[in-house]
Amino acid sequence: MRLPAVRAPLDSSARRGGEKHLVAPGDTITTDTGYMRGHGTYVEDEKLIASVAGVVERVNKLVCVRALKARYNGEIGDIVVGRITEVQQKRWKVETNSRLDSVLLLSSINLPGGELRRKSAEDELAMRDYLQEGDLISLAQGVLVQVSPSLVKRQKTHFHDLPCGASVILGNNGFIWIYPTPEQKDDEAGGYTTNLEPVPLSDREVISRLRNCIMALVNHKMMLFDTSILYCYEASLPHQIKDILKPEVTEEIVLEARQRLLDLEG
């Protein structure tokens, strides 16, 4: 039987300056009447009170509470991974982990081969040749991992080629796509060239390890970004892939990854 190893306590100095104002429903956020009420708040007895559990965010005089657990609420510029749920007239319905299905217009996609022209009636008839029900938009072979959108860290780029030989797309909507890093990227195909070649065993093992590392980070409520995933992956290398999600192993590798992140922050 494997017992959890004794770990040194984390350096508490890393919390300096980085604490967020967490509130629970009913907590008083402020008694200052100069603030405006935003999402997740209400006013009672001249006090601004939280209506959901989450993080308080202030934009000038506007105060809102971003829920820790909620469906995805899209913002302009977000990177999302979506699955086609229905083909309609000149559009596709897409599941993006939000309250309502998203819409992808035929006029908004790249044609196969990267051809630039107005979409015609022939293109409308061939919509199922481009994307059909169950397809992940413009993605080839890989593994989809669904997590809470609040755990995906917002960055300038959400497409990462990791040095371990696999790539990840960290969707702001909580859908994460893990796939083998292509040897060469064909940008002229318009995103419709699907590689159905068998994935080598070594690549499948890397993808499986990354998937389990992401789930380990999620179980410990750690933010997901390229560095945290890579540190967790490297900490998991002494263990077999199937053992990563054992509680004692998960705790060990996540603590090691967290400590490296704290050391990186200085």
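**Strand pairing and helix packing**

Modeller: Y42 has I49 of strand 5 standing opposite to it. This is a predicted model, in which local features need pLDDT of at least 70 and side-chain atom pairs count only at pLDDT 80 or more, whereas totals for chains, interfaces and linings use all residues. Residues are numbered from 1 along each chain as its sequence is written, and side-chain values use heavy atoms, with hydrogens and water left out.

Biologist: Why are strand 4 and strand 5 said to pair?

Modeller: Two strands pair if DSSP finds at least two bridges between them. Strand 4 (residues 41-44) and strand 5 (residues 47-50) have four bridges, in the antiparallel sense, and therefore qualify. They form a hairpin with two residues between them, and D45 in the turn has a positive phi of about 55°. Strands here are DSSP runs of E with at least two residues, helices are runs of H or I with at least four, and both are numbered from the N terminus.

Biologist: What makes strand 2 and strand 4 edge strands?

Modeller: The open sheet has the order 2-5-4 with antiparallel pairing. Strand 2 (28-30) and strand 4 each have a single partner strand, so one side of each lacks a neighbour in the sheet. Two bridges join strand 2 to strand 5, and T28 has I49 as its bridge partner there.

Biologist: How do you know that strand 3 pairs with strand 7, and in which sense?

Modeller: Strand 3 and strand 7 (residues 62-67) share two bridges in the parallel sense, with V63 as the partner of R37. Both strands belong to an open sheet of order 1-6-7-3 with mixed pairing.

Biologist: Why does G38 count as buried?

Modeller: Buried means under 20% relative accessible area, exposed over 50% and partly exposed in between (1.4 Å probe, protein chains only). G38 has 14% relative accessibility and is therefore buried. It lies in the loop between strand 3 and strand 4. Leaving aside neighbours within four places in sequence, G38 is in contact (heavy atoms within 4.5 Å) with L62, V63 and C64.

Biologist: What makes helix 4 mostly covered?

Modeller: Eight of the 11 residues in helix 4 are buried, among them I229, L230 and Y233. The buried residues of helix 4 pack against strand 13 (166-170), helix 3 (201-219) and helix 5.

Biologist: Which residues of helix 4 and helix 5 meet?

Modeller: T227, S228, Y231, C232, E234, A235 and S236 in helix 4 meet I253, E256, A257, R260, L261 and L264 in helix 5. By class, this contact has seven nonpolar, three polar and three charged residues. Ala, Val, Leu, Ile, Met, Phe, Trp, Tyr, Cys and Pro count as nonpolar, Asp, Glu, Lys and Arg as charged, and the others, Gly among them, as polar.
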